[in-house]
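Dear colleague,

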Amino acid sequence: MAKDLLLEIGVEEIPSAYMPKAIADLKDNAALKLSQARLSCHSINCFGTARRLALIVNGLDEYQADAVIENRGPKKAAAFDAEGNPSKAGIGFARSQGMEFTSLEIREYAGTEYMYAVRKEKGAASVQVLPEVLKEIIQSLSFPKSMRWGYNQFRFARPIRWLAAIYGNQLIDLKIENIVSGMHTMGHRFLSDGMIEIKNVADYREKLQKHYVILNQQERKAIISRQIKAEAAAAGGEPMDNEELLDEITYLVEYPTAFYGSFDPSYLEVPSEVLTTSMIEHQRYFPVFDQAGKLLPGFIGVNNGTASNIDVVRAGNERVLKARLEDALFFWKEDLKKDWDQVVEKLDSVLFHERLGTVRDKVTRLQKNAAAIAKQIGGVEMTIIDRAAFLCKADLLSSMVYEFPELQGIMGRYYAIETGEREEVCNAIYEHYLPRFAGDELPSSRAGIVLSLAEKIDHLTSFFAIGIKPSGSQDPYALRRQAMGIATIILDERPGIDLMTAIGNAYDNLSALKLDRSRDEVITETIDFIRQRLRSILTERGYSYDVIDAVFAAQANDFADMEQRIKSVTEFKNSTEMEDFMVVYNRANNLSKSWSSDEVNKEVLQEDTEIRLLEAVTGLMPQVKNSIQQKEYTAALRKIVELRPYVDAFFDQVMVMTPDPQLKASRLAILKMIANMCNLTADFSKIV
Amino acid sequence: MNFQEIILKLQEYWGQQGCVIQQPYDLEKGAGTMNPATFLRALGPEPWKVAYVEPSRRPTDGRYGENPNRLQHYYQFQVILKPSPDDVIDLYLNSLKKIGINPQEHDIRLVEDNWESPTLGAWGLGWEIWLDGMEITQFTYFQQCGSYDCFPVCAEITYGLERIAMYIQNKESVYDIEWADGITYADVHHQTEVDYSRYNFELADVQALAAMFSICEKEALQVAENNLVQPAYDYVLKCSHLFNLLDARAAISVTERTGYILRVRNLARVVAGKYLEQRKSLGFPLIKDEALRRQLLEEKEA
């Protein structure tokens, strides 16, 4: 009869960030180890809180499945002597398998006959194999950082303090260092006292419930989510939608009770990003907003316990937040006293990189790069660009950004607003860091786009120029992210930037530094690097590899144009016309791919069909080229489909590889013209 | 409960748990971890239990006595339990009860915090312990110290005394803490906070400090070479404090910073190695299990 299995690893509080993966790994590893041990079950479920990882296997068979064990021995030829009697080797093998020689079987393996010892092994009782299996499951867990404790050499995320291992109603004995498994668990750290005896899985679930532990993470998360919404609604608002914070809190508490706390509205004078960052990062509180999206002077915390002590907990948390906000208000006021023009000069004491100078040097480069890009793409006032470039790094020396580095750019914008800078300048300061991560917002103002590109191009160019490139998972200067930003902006904002020129300019602005790479090398390497990011962005957007490759092969430099082509080719590839198109392309390309000339000597042509094909092709060429110029790639491809009957007739009548070299050359040249025409949009030889 | 009573209660409690109650070490240091009763004793195989108050200096945290929560000189209450006992968290929670904090009445949370001291070549995993959202204690299982693996592993419990006192006494400013009857924290420390802030940020002679750093570094190595462990360690502490002062004067660039940290870490490693040798040559006297002691002494490396 099948029974339920429980393994609970009782630990000191595991970091919440480790938990989702630990729970998933526990499940995967259990499935693997159980199946390796030939133990079948109905279902496997894993749960976790900060203090426990629980594996519950439902309907685990009482015995291992029987196994057939096959061991290959010597070749048959070696197992018998000349008289056909068992040889020494044959007898030896049988003995080593604990079998009579006569019980061995002869089977073929890789074309040769071998002696095989085949025997059935009866499955052992699960209770016998489980200790080892469970131990292996525990040992197979790994964490981003693990530790030793006491006299133990075993490593885990945090010390293991108890183990529960029960199959049916029976204890499974196992031992990890000095911890011996038992039929017991612990309840909530503060609302329960000491070890609790448990009989089986059902009893375990029941006892935890009674001792203030909500084991199921999904259930806990749903409760927290419901509670914070209710608390916010009672205060006339909505909690910030923040899945990451919700997950973190889910693994910080075993028995959640949300509460609303408030702070003095006078702190709302501080920019809301500062307040919310302090609440979330420092205190794990949910900020609350009113219907209009305005921050309310309150927060929602989640107590690890019941509501009985909630007033004390609320008061304590309010005091802590008040001290934090007091600090923030102090920094804000201090920062508002600063003369930002002077602050920029002080950036000469902040090192950007030992070989690339100070942040002040970088500002000078940004001013030059941004001006050059602005001139190139137009549509923006030069004084705005220059001012924004000058000010954009100043907030690095503000007290607020020192305290909250993630607010860089956001604070810069606020300080610029407060000191009366023009709106475009303020926004560009914020936008020059965008996008900060994949999927982040993009700069939307013209000045923001220019400055963001200038910043990223300087970053990439300067590091490439001193020979620093990401390798494997090592990318300490976040060059991939910068390249991703450039590619995304070019794809989605279409600023019309000429990257080669911009990178060349950025390189020229490094002239005061000692560089390792030449201008040409840096341009090629940087563009290539951005192109790789572009490729992965396009792949993430769902375009298939072959289409991306085909377009990259035909058109490698104008990134903004690429997606248009990829879109058109993808669309065309799925249309009914694709088949005819590929007939035209393949018949033309197969013969002409190693032929380079498309010069036709009309005089030597003989057959009707080849003359007509040539006329059709030459007639079509200007139309196709015109469509491509208009970036109407689907139209261009459709036109080529018209060639199908001409191509078919040509191949029906004409022998391309004729002995007459001149004739052959002209026929191949016609085909080459067709292939080239197709490849103006994308290299269709790469389409699968 | 006033400030000194909190300290007395903690000393009494940890003394009852078998800790040696030591006194602060008589040199400037950034944290209780740097007291040789932690930094050196955490090394090697010998068990050790100690508790002490440690005046700690962080020159960059000075605020001229104007910020209610930040000080350049403050107090830690430090406990080392080596090896870390299985019920170490309960021992800690019981200590809170002794100073009037009943965990059942509050929200006490163990929030991941991994401690690292690049200058000491030390790191460990553990938590910040939160009391209703406020960090009151740092709890660390030492994994490495002086660049040597710790075995057995010790648990380090570091109480932030001022924060705990502010909470217990319901004060909004550290300076309002009642130290003893009729005497506040401000009475004891306010003027020194103002003066040290000025010294640390404005007056400390950068060139002299840099020169002193080099002298102390040389002295540490010279003394260590003569196998005088704690005298050598004194100069490591001096180097560490001089580095902090230079940092407060903003006299160290990012690149120089790494260089200074490496220099101090190197000294810490040298002294840690000397300490391990010395304990072994003394026969690991704190190991009471004779068989274990002999076995460890026979091992090639301490």
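I begin with a contact inside chain A: the side chains of A:Glu12 and A:Arg161 form a salt bridge, at 2.6 Å from N to O. The term salt bridge is used here for a side-chain nitrogen of Lys or Arg within 4 Å of a carboxyl oxygen of Asp or Glu. This pair brings together distant parts of the chain, 149 residues apart: A:Glu12 sits in the loop between strand 1 (3–11) and helix 1 (19–36) of chain A, and A:Arg161 belongs to strand 7 (residues 160–167) of chain A. Helices (H or I, at least four residues) and strands (E, at least two) are DSSP runs, numbered from the N terminus. Over all chains, the whole structure contains 58 salt bridges.

Please note that this is a predicted model, in which local features need pLDDT of at least 70 and side-chain atom pairs count only at pLDDT 80 or more, while totals for chains, interfaces and linings use all residues. Residues are numbered from 1 along each chain as its sequence is written, chains are lettered from A and ligands numbered from 1 in the order in which they are written, and side-chain values use heavy atoms, with hydrogens and water left out.

The interface of the two chains

Between chain B and chain A, 45 residues of chain B are in contact (heavy atoms within 4.5 Å) with 43 residues of chain A. The buried area is about 3,800 Å², and carbon and sulfur atoms give 50% of it; buried area is the accessible area (1.4 Å probe) that two parts lose on being put together, summed over both. B:Arg109, B:Leu125 and B:Phe151 supply 14% of what chain B buries against chain A, more than any other three residues.

The interface holds 4 salt bridges. Strand 4 of chain B, with 7 residues, gives the most to the side of chain B that touches chain A. By class, that side has 22 nonpolar, 11 polar and 12 charged residues. Here Ala, Val, Leu, Ile, Met, Phe, Trp, Tyr, Cys and Pro count as nonpolar, Asp, Glu, Lys and Arg as charged, and the others, Gly among them, as polar.

A sheet in chain A

In chain A, 4 strands form an open, antiparallel sheet in the order 13-15-16-14. Two strands are taken to pair if DSSP finds at least two bridges between them. Strand 13 (238–239) and strand 14 (256–262) of chain A are the edge strands, each pairing on one side only. Strand 15 (residues 286–289) and strand 16 (residues 295–304) of chain A are joined in the antiparallel sense over 3 bridges, and A:Pro287 stands opposite A:Phe299 in strand 16 of chain A.

Backbone details

Most residues other than glycine have a negative phi, and most peptide bonds are trans. The bond from A:Leu434 to A:Pro435 is cis, with omega near -10°, and A:Pro435 is found in the loop between helix 15 (423–431) and helix 16 (446–465) of chain A. B:Phe151 and B:Pro152 are likewise joined by a cis peptide bond, with omega about 0°; B:Pro152 lies in the loop between strand 7 (148–149) and strand 8 (155–160) of chain B. A:Ala110, a residue other than glycine, has a positive phi near 50° and lies in the loop between strand 5 (105–109) and strand 6 (112–121) of chain A.

With kind regards
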